[in-house]
Amino acid sequence: KEFIFLSIPDVRPGLIKDRIKLRENEIKSKQKVYSEKQKQALKKPDFKEQLEAGLSSEISESNKGFAMLQKMGYKKGDSLGKSSTEGIKEPIAIKIKENRSGLGVEAKRLEDEEKKKQLREQILKRKKESSENNRIKLRENEIKSKQKVYSEKQKQAFKKPDFKEQLEAGLSSEISESNKGFAMLQKMGYKKGDSLGKSSTE
């Protein structure tokens with residue numbers, strides 16, 4: 001009898017046996033609950049908007065803290081402190097934190113960005129300086145090479161005899177007897193030391 005009872009399948013209506021279907025129904029029910037929560041959250045006014053609205057508006061005279069300040073001699077428009085002219089007139093501004101990072105992270109991030117910016121500027125400056133130095137070096141090498149070529153040309157020029165010196169040397173020296181022109185004059189009766197013309201003395 002016990003064996004027969006255990007082997008009888010459970011056939012109750014509406015009972016889901018499939019594990020996948022059970023999981024799907026579970027997800028659907030959770031989604032429904034989540035959507036309801038979202039609707040409720042949308043109905044509520046935003047905390048950030050409420051805070052900004054509260055900070056932007058002045059404290060009303062019906063405020064208990066404001067009433068206490070008035071009893072202590074505070075007047076609207078005066079600054080806080082011993083003197084009504086010294087001290088702050090506006091409350092310290094606050095910044096709403098919208099992430100879960102720790103205090104000082106934003107300042108550290110800004111500091112790191114500034115350091116990176118300075119590093120980039122230094123790298124660009126070095127590149128510019130190196131390119132300028134390379135340009136100057138190239139120009140110096142070019143000038144040196146030109147000077148070298150010019151000095152070589154000067155040396156070659158000094159090695160060659162000067163045309164002016166050659167001309168002066170030629171004009172200062174007498175015409176040799178081997179000269180063709182001198183030989184022609186000799187054939188025509190010219191003698192060395194005579195003057196040119198009909199007469200040898202004129």
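This briefing covers the pockets, salt bridges and a surface patch of the structure. The model is predicted. Its largest pocket holds about 600 Å³ of space. The structure has nine salt bridges. A nonpolar patch on the surface is formed by L69, M72, L80, I88 and I92.

**Largest pocket**

- The volume of the largest pocket is about 600 Å³. Its lining counts 21 residues, and the closest to the centre are I59, Y74, K89, E90 and P91.
- Helices α3 (47-56) and α4 each give at least two residues to this lining.
- The largest share comes from α3, with three residues.
- By class, the lining of the largest pocket has 11 nonpolar, five polar and five charged residues.

**Second largest pocket**

- The second largest pocket has about 260 Å³ of volume.
- Among the residues lining the second largest pocket are K95, I96, K97, E98 and N99. The lining also includes S101, G102, L103, G104, V105 and E106.
- Three of the lining residues of the second largest pocket are nonpolar, four are polar and four are charged.

- E26 and R23 form a salt bridge through their side chains, at 3.5 Å from N to O.
- Both residues sit in helix α2 (residues 19-43), three residues apart, which is about one turn of the helix.
- E26 is partly exposed, at 36% relative accessible area. R23 is also partly exposed, at 45%.
- A network of salt bridges links R23, E26 and K30.

- The side chains of E113 and R109 form a salt bridge, at 2.6 Å from N to O. The two lie in helix α5, four residues apart, about one turn of the helix.
- E113 counts as partly exposed because its relative accessibility is 41%, between the 20% and 50% cut-offs. R109 is partly exposed at 36%.
- E132 and R135 form another salt bridge, with their closest N and O atoms 2.6 Å apart. These residues also lie in helix α5, three residues apart, about one turn of the helix.
- E132 is partly exposed, with 36% relative accessible area. R135 is exposed because its relative accessible area is 52%, over the 50% cut-off.

**Nonpolar surface patch**

- Together, L69, M72, L80, I88 and I92 have about 550 Å² of accessible area.
- L80, one of the patch residues, is in the loop between α4 (64-71) and α5 (105-159).
- L80 counts as partly exposed, at 47% relative accessibility.

Note on methods: Residues numbered from 1 in each chain as written. Predicted model: local features only at pLDDT ≥ 70, side-chain atom pairs only at ≥ 80, totals over all residues. Heavy atoms only, no water. Patch = residues over 30% accessible without salt bridge, like charges linked within 9 Å, V, L, I, M, F, W, Y side chains within 5 Å. Areas by Shrake-Rupley, 256 points an atom, 1.4 Å probe, with all protein chains shown as cover. Salt bridge = Lys/Arg side-chain N within 4 Å of Asp/Glu carboxyl O. Buried < 20%, exposed > 50% of the residue type's maximum accessible area, 1.4 Å probe, protein only. 1 Å grid on protein atoms, 1.4 Å probe; cavity = no way out; pocket = protein on both sides within 12 Å on 5 of 7 lines; lining within 4 Å. Points joined across faces, edges and corners; volume = space filled by probe spheres on them. Nonpolar A, V, L, I, M, F, W, Y, C, P; charged D, E, K, R; others polar.
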